[in-house]
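User: I am new to this structure and would like to go through parts of it by question and answer. Please keep the answers plain.

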Amino acid sequence: MEHHHHSCTHCGCDNPILKLLKDELFTPENFAQLPQERLVSRSAQIDPFMVSGGTIRPMINGSVETVPAIGFAEGKVVVSGTEEEVSAFMQQNHPGFYSRVLPEGNTLLPGLIEPHVHLVPTAMLMGWTDVGGFEEQVLRQNYNIVNVGSIIRKTIAKQQPNQWFLGAGLDPALMPILNEDGNKQLLTIDINVLDEISNEQPILIISASMHTIYVNSAALLLIWENEDNTKYLSDYSSYEDYKSKTQGQLQEEKGMQPALNTIPKIQKAAMFVNAFLNLRDIFETANARGVTFMHDAGMNDGQKKILKAYLAVNASTVRIGAAQVCNKIEDVEKLGTFTIKEQYEDIYLSHVKVISDGSNQGLTGYQSEPYLCYATNPYGVYNFGGENNPQPQDPPVDFRTLMGLIIRDKKWPVMIHANGNLAVNFAIDAFREFVKDPTQGVRHRIEHCSLTTPQNLDDMKNLQVSPSFLIGHVGYWGYAFKEAIFGQKSNMLDMCQSALKRDMKITLHSDNQVSPLGPLRMMEQSITRRMEADPEWNVLNPVECITHEQALTAVTYDAAWQCYAEQWTGSLKVGNLADFVVLQQDPLKMKNPYMHMRNIGVLETWVGGTLVYGSTVSEKVNMA
């Protein structure tokens, strides 16, 4: 049986959709359409207040120790200690303060942190029909091509004849695994599969990675007949040749450009406005899941401009940091001098982002051994080396040159996307070459850092390089990795406990939209390591499970530290911002976290001493 598997980066880190459409989307005309006057006024700072009762964990320096009471004023933490100490301090320094007592079991924590997300790319595609594998924070029941087809048909039935079905999030790695001639394979999505759903209305679906477009025959024919695409399709002698060679799988920028050119202009124009409007939904979801700080791991100038336009007219309910993408020398040459921000500012830059390979569930993470299942590129894809060196066995010259310029010459911290084990090796080799003095404390990161060995972790520890794990690799995709993609090699995934035993700081991230927002869910997956697609919910490499306490530190203090933000958030030490969350119960006391910790009720989320989610009742202290 011939396969035409999607070959894509399967990660939000480098989104070719935005690059290919930037000339159409990021125009002065589109920006002029955005609201210019404030839509939502900033809530006034409430009066100073103290909180006692329940469980209060300030997480100072990552410690889970509790305090009886804590006081807030002028948007910051001003005191913590016993109830008597806090009350006395507040009466002396902030007379007229409010006081509230948390019910037993309610838990106050620093605001939770998402250290690796993609805000504008996610918002841009939220107006398209969701055909992904998630329902809120759990896997969709019976997620398969039959049910995806049902979603597509229902949507098409409501559309105008001249509209295309536009879908996002399709993920064969979350669908049932196939057994072909004794070999386990992922489902192949091609033009024949989509034609069975509809061969009349054009269908265009972007994979969960946003690096492959799937189209049916109706869409492919319109793409072929579009005169604007002549120069892009010169490799094909006819429509039949185009169809035969692509099978409706249009991969990476070269293949995707003609499809994006052909989408009806009115539907493309809606993407820009949707991005602006949908940012609020993202931030509201984040607040509802206890998040007060998000670090965008793929910022560029156009995305930053949209975010600034949003913040100019909407109240900010989430702190935002970012990493500037630099995969070319000319990008790095534009960088100024790196400085640590002492005071918070919106969309501050903490790192330079380098994207070295693809993803493991997308079969493009760069490996030293071939994938067990069929992949167009059996060893994955490495983004450096060029056409003359497409499968490098050592760090390519262009990669080393880029890393040297960033680390040695520009002195910037690097967060490098590396999923496959060979990509991780190359990243470590570059850090070894250019980090001459690890004691300087520059906070270099390896993003995803999916497949590692004990030696890798030893080297990272010695170089003071920390990992940020996309822990959904274990919880959501672990079963596919174990059964079809890696076999026993899947035990190398997200070695959280091994890293912690080496006294390394680790963080957990969602890479949203690759997996759902939710630090409590990420804590749960790191603690239990249960494979949620496995009918028996088996644990993937149980020795790598971490404790409740370690998981909480990873999504609070250590996440802030990794993002150069611990001087204002990540813990509730005196002087830090009053960014905190009140949960219905203490996650550290949950004896059976699997499928429960992610559902702990978030009662309130506060940013800068202002309530941004939930409701509260306080009683004024009687000062008479």
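User: How are helix 14 and helix 15 oriented to each other: roughly parallel or roughly antiparallel?
Analyst: This is a predicted model, in which local features need pLDDT of at least 70, side-chain atom pairs count only at pLDDT 80 or more, and totals for chains, interfaces and linings use all residues. Residues are numbered from 1 along each chain as its sequence is written, and side-chain values use heavy atoms, with hydrogens and water left out. Helix 14 (residues 421–434) and helix 15 (residues 454–463) pack with their axes 10 Å apart, at an angle of about 30 degrees. Angles under 35 degrees count as roughly parallel and over 145 as roughly antiparallel, so helix 14 and helix 15 are roughly parallel.

User: Which residues of helix 15 meet helix 14?
Analyst: Contact means heavy atoms within 4.5 Å. From helix 14, Val 424, Asn 425, Ile 428, Phe 431 and Arg 432 take part. Their partners in helix 15 are Asn 456, Asp 459, Met 460 and Leu 463.

User: Which residue of helix 15 does Phe 431 contact?
Analyst: Neighbours within four places in sequence are left aside here. The contacts of Phe 431 then include Met 403, Ile 407, His 444 and Ile 446. Among them is also a residue that belongs to the helix 15 side of the contact with helix 14, Leu 463.

User: Is Asn 278 buried or exposed?
Analyst: Asn 278 lies in helix 10 (residues 265–288). Not counting residues up to four places away in sequence, Asn 278 touches Ala 123, Met 126 and Gly 127. The relative accessible area of Asn 278 is 11%, so this residue is buried.

User: What is the relative accessible area of Asp 398?
Analyst: Asp 398 is found in helix 13 (residues 397–409). Leaving aside neighbours within four places in sequence, Asp 398 is in contact with Phe 384, Gly 385 and Gly 386. Partly exposed lies between the buried limit of 20% and the exposed limit of 50%. Asp 398 is partly exposed because its relative accessible area is 36%.

Definitions and conventions:
Axes are lines fitted to C-alpha atoms, for helices over the stretch in contact, and angles run from 0 to 180 degrees between N-to-C directions. Helices (H or I, at least four residues) and strands (E, at least two) are DSSP runs, numbered from the N terminus. Angles under 35 degrees count as roughly parallel, over 145 as roughly antiparallel, 65 to 115 as roughly perpendicular and the rest as oblique. Buried means under 20% relative accessible area, exposed over 50%, partly exposed in between (1.4 Å probe, protein chains only).
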